[in-house]
Amino acid sequence: MNGLQILVVDSSAVYKKMYAKAVAEVDGDAFLAFAASGDEALGHISRADFDIIIIDMEISEPQVARLLGKISKIIPKAFVLVTARPSPANHKLLAEALNKGAADCMTKPIYSSYEENITTIKGKMASILRTLSSGREKMDKTPVDREVKRKKAAKPAKFRPELVLVAASTGGPSALEVIFSQLSKDFPIPILVVQHMPSHFTGTLAENLNHKSELSVKVAESNEIAMAGTVYIAPGGLHMKLDAKSKIHFDTSPPLNGIRPAADVLFESVAQSFRGAGILVVILTGMGSDGEKGVAALKQKQDCVCLAQSEKTCVVYGMPRVVAESGFADKVLDLEQMPMEIEGLCHKKG
């Protein structure tokens with residue numbers, strides 16, 4: 001990927017120099033701009049359409065939360081990486097930044113070796129560039145499973161799910177908040193969520209969503225039974241599965257497409273083992289294609305309806321686009337429409 005525009009918002013001259021060196025080694029054609037404060041960053045943002053914005057948590061006014069809000073309005077498709085020095089307090093702040101729309105976060109490397117710090121930053125930048133590249137590539141879909149799609153596209157009027165499965169990545173925490181804050185406290189079935197997120201942030205995400213929702217939202221635990229009215233979030237770093245008795249299990253098998261937990265692993269386990277009635281799948285904002293293979297398996301082996309988030313309401317239209325272009329999405333909806341649609345399907349009588 002050539003010609004990326006990157007803005008680094010950090011008051012540290014040392015870190016600015018490290019970002020410049022790391023980016024130059026990863027993408028020599030990238031353009032870098034620097035800002036030492038939130039106000040200076042806004043000046044840059046108003047003049048250029050940045051692809052990547054890196055923000056240090058310790059910048060001066062406007063602080064990160066307000067700056068994220070302004071970025072989402074001015075350059076909604078920018079990939080925002082928020083950074084902070086390692087500390088328990090900063091880990092919580094980074095998790096909150098993810099909830100407010102940051103795409104990713106990074107604990108700043110503070111090794112004694114300058115080159116080791118650059119290597120860490122270089123690895124993160126390379127990862128982001130790979131993600132952006134895969135998210136922007138034109139999908140070349142083969143006509144596999146066309147019969148499955150035609151057979152499953154029109155759902156019977158009496159479809160009533162007994163399980164909800166949700167997949168989300170970049171921009172997912174805020175999308176999940178929109179949905180779960182509006183679901184009723186008498187929601188009749190379990191909800192299992194795979195959100196791509198580092199392990200030490202999953203607990204903060206669950207805690208935040210639990211405060212905003214009438215449902216019980218928690219990090220899933222091994223061997224617990226998925227119960228109605230509860231949202232179970234897969235722990236970071238572990239694949240989550242569900243067995244025939246609705247019991248949750250984890251495994252440390254290799255990442256799938258570089259991701260663990262992967263929605264495809266959960267979806268395919270449900271496709272193989274679920275013994276209930278229908279399954280409602282919700283694919284939210286995120287880069288990549290996680291969820292597509294799992295939805296295909298669910299539609300082949302179970303009674304499954306899939307809702308995909310619309311492009312205009314996604315932070316990154318990757319995962320929903322794949323299921324929509326593959327023909328697996330029964331409905332494409334704006335994020336604000338999702339809660340009502342989910343309620344309507346899951347509370348349907350008959």
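S269 counts as buried, because its relative accessibility is 11%; buried means under 20% relative accessible area, exposed over 50%, and partly exposed in between (1.4 Å probe, protein chains only). S269 is part of helix α9, residues 263-273; helices (H or I, at least four residues) and strands (E, at least two) are DSSP runs, numbered from the N terminus. Not counting residues up to four places away in sequence, S269 touches K241 and L242, where contact means heavy atoms within 4.5 Å.

This is a predicted model, in which local features need pLDDT of at least 70 and side-chain atom pairs count only at pLDDT 80 or more, while totals for chains, interfaces and linings use all residues. Residues are numbered from 1 along each chain as its sequence is written, and side-chain values use heavy atoms, with hydrogens and water left out.

The largest nonpolar core has 60 residues, of which I53, I55, I191 and L284 touch the most other members. Such a core is a set of buried Ala, Val, Leu, Ile, Met, Phe, Trp, Tyr and Cys residues joined through side-chain atoms within 4.5 Å. A second, separate core of 32 residues includes Y232, V281, A296 and A297.

The whole structure holds 12 salt bridges, each a side-chain nitrogen of Lys or Arg within 4 Å of a carboxyl oxygen of Asp or Glu. One joins E341 to K331 at 2.9 Å, N to O. E341 lies in helix α12 (residues 338-346) and K331 in strand β14 (residues 331-333), so the pair ties together parts that are 10 residues apart in sequence. E341 is buried at 19%, whereas K331 is partly exposed at 39%.
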